[in-house]
Amino acid sequence: MSDPLNVVPRRLVPIAGTLAWLPADLPPSEQMIPLGAEHAAELAASGPTPRLDALAEELRPRLDHGRGFALLRGLPMGEDPAAPLQALAARVGTPVPPGPATGSRHVEACDILLLRATAPASTVLRAAAGVHNALLRSDRAALAALYEARGEPPVPVFCHDGGVFAARWDDAVLPPDRLPSALPEALGEGLPLNLRTGDILALNPFLVWADRVPGAIVAACRAEPSRLDSAAFAGLA
């Protein structure tokens, strides 16, 4: 039985494509992009950066409408651990302040979030589209309710506007007891990810819900076009 909520009738459809992955769909080769000494050398140099530019070209579509995340592994920490994040952020989008950290997940208001592990850590990733589709199968009324704006600022949990999917659940603003009970149930097990010191986790918080990485160095940026430009999430900008 769904929670009694006032809901505007809407047509609900499954979210298709690589962004609706399930943990079983992803072998390690599709989770990680290895980086080598050449990338490190370009970060330290002031000349052309063809490998970093190619990495940015690979990341943009992957984070915008693909799996929604990539684990970058192989860079040494160096004297300035934040420098690689700043260099990548400048190449994949427009750097913006990441905003305050709230809740148990990374929900910073940005299209691309870069997290660098300062020590071994673990996180759990969930494809928001996969959670959406699980709700569509189990409780359509609950899913419809989550398309309604709520919280402060008022934003929906799910939005599928103009063919562009986005999702955001800040459990500090909207704890589970204020939402349909079907949502926590639809989260499932998620994809556990172990981070080594120096690893960089690149993700789109609108597509992948990641448990917060303690002590991570953070950089954020907006894409063009940005999901923050949509009417549903404009209050976050």
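Trainee: Why is strand 5 (residues 121–127) called largely enclosed by the rest of the structure?

Mentor: Because 6 of its 7 residues are buried, where buried means under 20% relative accessible area, exposed over 50% and partly exposed in between, with a 1.4 Å probe on protein chains only. Strands here are DSSP runs of E with at least two residues, and helices are H or I runs of at least four, numbered from the N terminus. Mind you, this is a predicted model, so local features need pLDDT of at least 70, side-chain atom pairs count only at pLDDT 80 or more, and totals for chains, interfaces and linings use all residues. Residues are numbered from 1 along each chain as its sequence is written, and side-chain values use heavy atoms, leaving out hydrogens and water.

Trainee: What makes strand 5 and strand 8 (residues 191–195) a pair?

Mentor: Pairing takes at least two DSSP bridges, and these two strands share 5, in the antiparallel sense. Leucine 125 has leucine 191 as its bridge partner, for instance, and valine 124 has proline 192.

Trainee: And how do you know that strand 10 (residues 208–210) pairs with strand 5?

Mentor: Strand 10 is joined to strand 5 by 3 bridges, antiparallel again, with arginine 126 opposite tryptophan 209.

Trainee: What makes a nonpolar core, and which residues have the most contacts inside the largest one?

Mentor: Buried Ala, Val, Leu, Ile, Met, Phe, Trp, Tyr and Cys residues count when joined through side-chain atoms within 4.5 Å. The largest has 49 residues, with Phe69, Leu125, Phe158, Phe165 and Trp209 making the most contacts inside it.
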